[in-house]
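The sequence and structure are shown first.

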Amino acid sequence: MTVEQPNTPSPQAGWPLWEVFVRSRRGLSHTHVGSLHAPDAALALRNARDLYTRRSEGVSLWVVPSAQITASSPDEKDPFFEPAGDKPYRHPTFYEVPEGVRNL
Amino acid sequence: MSAYEQPPGGGTPGPEHRAALALGDDALVLAQRLGEWAGHAPVLEEDVALSNIALDLLGQARTLLSLAGDEDELAYLREEREFRNVQLVEQPNGDFADTIARQLYFSVHQELLYGQLAGGRGELAELAAKAVKETAYHRDHAEQWTLRLGDGTAESRRRMQSALDGLWRYTGELFQPVEGVPADWEALASGWRNVVGAVIEQATLAVPEGPQSSAWSAGTGRQGVHTEAFGRMLAEMQHLHRSHPGASW
């Protein structure tokens, strides 16, 4: 899929695509919830509010032009992710989680 | 005076009931108009935005009309002349610029009015304190779009200016005192002109010139006199309930 640059929306191609991230409450990270079209950042934020936070889902919103996201490719899946599989010492499993910490 | 201006328990209708009816009808009629955009807005995102605003207004209408009587009866069984909304809110959607101009004029008014009422006491103040946050968002939505259409392409600019000019004559009624609404109407009118004027100027458009306080060419919606398009809108809004009384799903 091709995505228009945020600052050059053409009427034919429609408005650029934006990715939306919502922080559901304080202390948690922003989580990707979906995407939307908007002519600019200010309206993207407002559209995100209407589409994703109308039922008290969040306390903070980020919008990012989809074109600005660099993604790993499915072809690179093996070299990127496979080597981590058999290295348990890379996982933080040798610690005791302190009591009362829910989001470590 | 119509039967629908009677308070729920019978007796003499107080100013509070007339106030709730006027403000409730404003919200109800504008909600119905905005709801007409559902499935027809220029883009999906605006479809949702306008429907959200419509639902906010519908919620206000339900609270207000319940203060004045039975909400369903008031919404579905009154005749045109018994509605007390300002003529601005019943104006047809037109193109997107017409809808945005109507939103700008009305939401600035509603935000300022609810802001004033929120400081008072009673049921109206309670509703206003809650609703003023919603209306602030409605105003922001209208403002954002006025700026973009006014300062956008030659075509959007032409349409936005023509929408602002066309609806200007319906704005005077917003500042006619309503019995039972304890507002400072003069402050409301001057506050409205400041806010709306600033937005229009920032959008590089011209503030419409037209009749002001003494010679408004519209402004009897509060007395039950409405414009031609209102009857058709009511017919659509009330048709189902009148054809199938008591229908529910």
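Which residue is the bridge partner of V22(A) in strand 3 of chain A? The partner is L61(A).

The model is predicted, so to speak of local features requires pLDDT of at least 70, and side-chain atom pairs count only at pLDDT 80 or more, while totals for chains, interfaces and linings use all residues. Residues are numbered from 1 along each chain as its sequence is written, chains are lettered from A in the order in which they are written, and side-chain values use heavy atoms, without hydrogens and water.

**Strands of chain A**

Helices (H or I, at least four residues) and strands (E, at least two) are DSSP runs, numbered from the N terminus. Strand 1 of chain A has two pairing partners, listed below; two strands pair if DSSP finds at least two bridges between them.

| Strand pair in chain A | Sense | Bridges | Residue pair |
|---|---|---|---|
| Strand 1 and strand 3 (residues 60-65) | antiparallel | six bridges | V22(A) and L61(A) |

Strand 1 spans residues 17-23, and six of its seven residues are buried, that is, under 20% relative accessible area with a 1.4 Å probe and protein chains only (exposed is over 50%, partly exposed in between).

**Interface of chains A and B**

In chain A, 13 residues are in contact (heavy atoms within 4.5 Å) with twelve residues of chain B. The two chains bury about 1200 Å² between them, 52% of it on carbon and sulfur atoms; this is the accessible area (1.4 Å probe) lost on being put together, summed over both.

Three salt bridges cross the interface, each a side-chain nitrogen of Lys or Arg within 4 Å of a carboxyl oxygen of Asp or Glu. One of them joins R148(B) to D40(A), with the closest N and O atoms 2.5 Å apart. On the chain A side, strand 2 (31-37) and helix 1 (41-52) each supply at least two residues. Helix 1 of chain A gives the most, with seven residues. By class, the chain A side divides into six nonpolar, two polar and five charged residues; Ala, Val, Leu, Ile, Met, Phe, Trp, Tyr, Cys and Pro count as nonpolar, Asp, Glu, Lys and Arg as charged, and the others, Gly among them, as polar.

**R33(B)**

R33(B) lies in helix 1 (residues 15-35) of chain B and is buried, with a relative accessible area of 5%. Not counting residues up to four places away in sequence, R33(B) touches several residues, including E90(B), R102(B) and F230(B).
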